[in-house]
Amino acid sequence: MTVNAKTRVTPRRALLLGAVAALAAGMVVGVTGAAQAGTTLGASAAEKGRFFGTAVAAGRLGDSAYTTILNREFNQVTPENEMKTDATEPQQNQFSYGNADRIVAHARANGMQVRGHTLAWHAQQPSWMQGMSGSTLRNAMLNHVTQVATHFRGQVAWWDVVNEAFADGGGGGRRDSNLQRTGNDWIEAAFRAARAADPNAQLCYNDYNTDNWTDAKTQGVYRMVQDFKQRGVPIDCVGFQSHFTGGSNYPSNYRTTLSSFAALGVDVHITELDIRNAPVDAYRNVTNDCLAVARCKGITVWGIRDSDSWRSSESPLLFNGSGQKKSAYDAVLAALNNGTTPPTGTPTTPPPTTTPPPSGSCTASATPGQVWGDRYNTSVTVSGASTWAVVVSITSPQKISSTWSGSPTWDGSGLVMTMRSNGSGDTFGFTTMMNGNSSARPQIVSCTAG
Ligand code: G3I
């Protein structure tokens, strides 16, 4: 790692740089003893084995107020526009890396990791690509992935290989685009090309409106990642853009979403966080949700000051236009400092299960709760109905030993519980004795309204 001459290596800075170097080497940082409270977002996140980053615009690197905050607070950067296809290949086979290289150089000189954004996307395509289709487009896209990933080999820790390929709305399917029309396998083809070009970069799928676990779009992406893992398509991570209240609110089941994807065997990242009017609670909750999931490796906000934001009129970031810390900044820093360090090898939270909501029915989402040596808790939240019956099955020899906030009945085996609402709310819970099986987790079989 290069450290520029201006950087004074204080003990805290040394800890940060050590942590960043360890992260770059793919290690989970373990902090022994009582960690000191970090005084910046990046330092505090590094103490928890995470990164805290920001989108960066090359055009702002000459603004000293901007770079002062960038260098002080963040240990990861994502070029906001400079690595997109229209920027890096403005004419076919003529590559242009000037602005992206400037950001990468700045990051490397200041001990920050780089997320490459993005190799294949339906938007911000150069005009030559917009007019293409079929195998010509497929080959051009794969050539782009190969050339760009090769250029940045060794400098980019993670690539958003494919961005925003799923449709909004209820279907959970792919977004129509010129890339999608080249064949449904275009995403895995892009991932394989990226792996071949830069075998050491972590390869991510990145999208928005995938934060609410019960949304069809979230489930669609989940099924794709599950399929990729089962078939050996090289995918290492999933990015949750998390542009909140720009069409979707921060959902209370966000942690369930993160832990469910993590349980597929991928890291999860919060990649483009901004929240309309920067509410303290939502920023704190997002931070705590990431810290609660061992494989949530870091948070990137989508810009530094409100004036740098793509939606600056909503003041969604952690610093105001004058570069002063906002209340949301204090909340995030406090959450980072209060958070726990996941021990190396901590098992990922088991996947909660969700029933798809057929019309006239309800949805039940299970969230893992406290775990002891011999038992664990699960809570289930029902939406879509005020009275309901949720069927939950467990795996023998596990046994449900207690329940709360519902009226249970059992089948003859004792492995299938039907929990009915009893007027105490939409969330019920239960304790399961492991009885020697510490890995199985309950499945939600159905949710019936009425
Ligand atoms: O640089 C030109 C400038 O020369 C020109 O005068 C001006 C006129 O409109 O446009 C400038 O380019 C703009 C560019 O941002 C840089 O500011 C583009 O028009 C504008 O479309 C572009 O917007 C970017 C947007 O992606 C494009 O889709 C935003 O900055 C960027 O924050 C945003 O980022 C996306 C992520 O990549 C993916 N997820 C959603 C996120 C927000 O939309």
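Is I187 buried or exposed? At 0% relative accessibility, I187 counts as buried. This is a predicted model.

- I187 belongs to helix α8, which spans residues 186–197.
- The C-alpha atom of I187 is 8.3 Å from that of A165. Along the chain, I187 and A165 are 22 residues apart.

**The ligand**

- There are 13 residues around the ligand. Those that come nearest are E80, K84, H117, Q124 and E272.
- The shell around the ligand is made up of 6 polar, 4 charged and 3 nonpolar residues.
- H117 places a polar side-chain atom 2.7 Å from an oxygen atom of the ligand.
- In Q124, an N or O atom of the side chain is 2.9 Å from an oxygen atom of the ligand.
- W302 also brings a polar side-chain atom to 2.9 Å from a ligand oxygen atom.
- On its own, the ligand has 780 Å² of accessible area, and the protein covers 44% of it.

**Aromatic pairs**

- The count of aromatic pairs comes to 17.
- One of them joins F52 and F74.
- F52 lies in strand β1 (residues 51–56), and F74 lies in the loop between α3 (64–73) and β2 (76–79). The two are 22 residues apart in sequence, so the pair ties together separate parts of the chain.
- F52 and F74 are both buried.
- Another aromatic pair is formed by F240 and F261. This one is edge-to-face, with 5.1 Å from centre to centre and 80° between the planes.
- F240 sits in strand β6 (residues 237–240), while F261 sits in helix α10. The pair links distant parts of the chain, 21 residues apart.
- How buried are these two rings' residues? F240 has a relative accessible area of 0%. F261 also has a relative accessible area of 0%. Buried means under 20%, so F240 and F261 both qualify.
- F95, Y97, F152 and W159 form one aromatic cluster.

**Charges over rings**

- R375 lies over the face of W372, 4.3 Å from the ring centre.
- R441 holds its charged end over the ring of Y376. The distance to the ring centre is 3.9 Å.

**Helix α10**

- Helix α10 covers residues 254–262 and is mostly covered. Of its 9 residues, 8 are buried.
- Among the buried residues of α10 are Y254, L258 and A262. T256, T257, S259 and S260 are buried too.
- F261, the aromatic partner of F240, is also one of the buried residues of α10.

**Cis peptide bonds**

- The peptide bond that joins H117 and T118 is cis, with omega at about 0°.
- T118 is part of strand β3, residues 113–121.
- P397 is in the loop between β12 (388–393) and β13 (399–404).

**Positive phi angles**

- N277 is not a glycine, yet it has a positive phi of about 65°.
- N277 is in the loop between β8 (267–275) and α11 (280–292).
- Is N277 buried or exposed? Its relative accessible area is 55%, so N277 counts as exposed.
- A278 is not a glycine either, and its phi is positive at about 45°.
- A278 is found in the loop between β8 and α11.
- With 8% relative accessibility, A278 counts as buried.

Conventions: Residues numbered from 1 in each chain as written. Predicted model: local features only at pLDDT ≥ 70, side-chain atom pairs only at ≥ 80, totals over all residues. Heavy atoms only, no water. Buried < 20%, exposed > 50% of the residue type's maximum accessible area, 1.4 Å probe, protein only. Helix = DSSP H or I, 4+ residues; strand = E, 2+ residues; numbered from the N terminus. Near = heavy atom within 4 Å. Polar contact = N/O pair within 3.5 Å; in protein donor to acceptor, adjacent residues only side chain to side chain. Areas by Shrake-Rupley, 256 points an atom, 1.4 Å probe, with all protein chains shown as cover. Nonpolar A, V, L, I, M, F, W, Y, C, P; charged D, E, K, R; others polar. Phe/Tyr/Trp six-rings, centres within 6.5 Å; stacked < 30°, edge-to-face > 60°. Lys NZ or Arg CZ within 6 Å of the ring centre and 35° of its normal.
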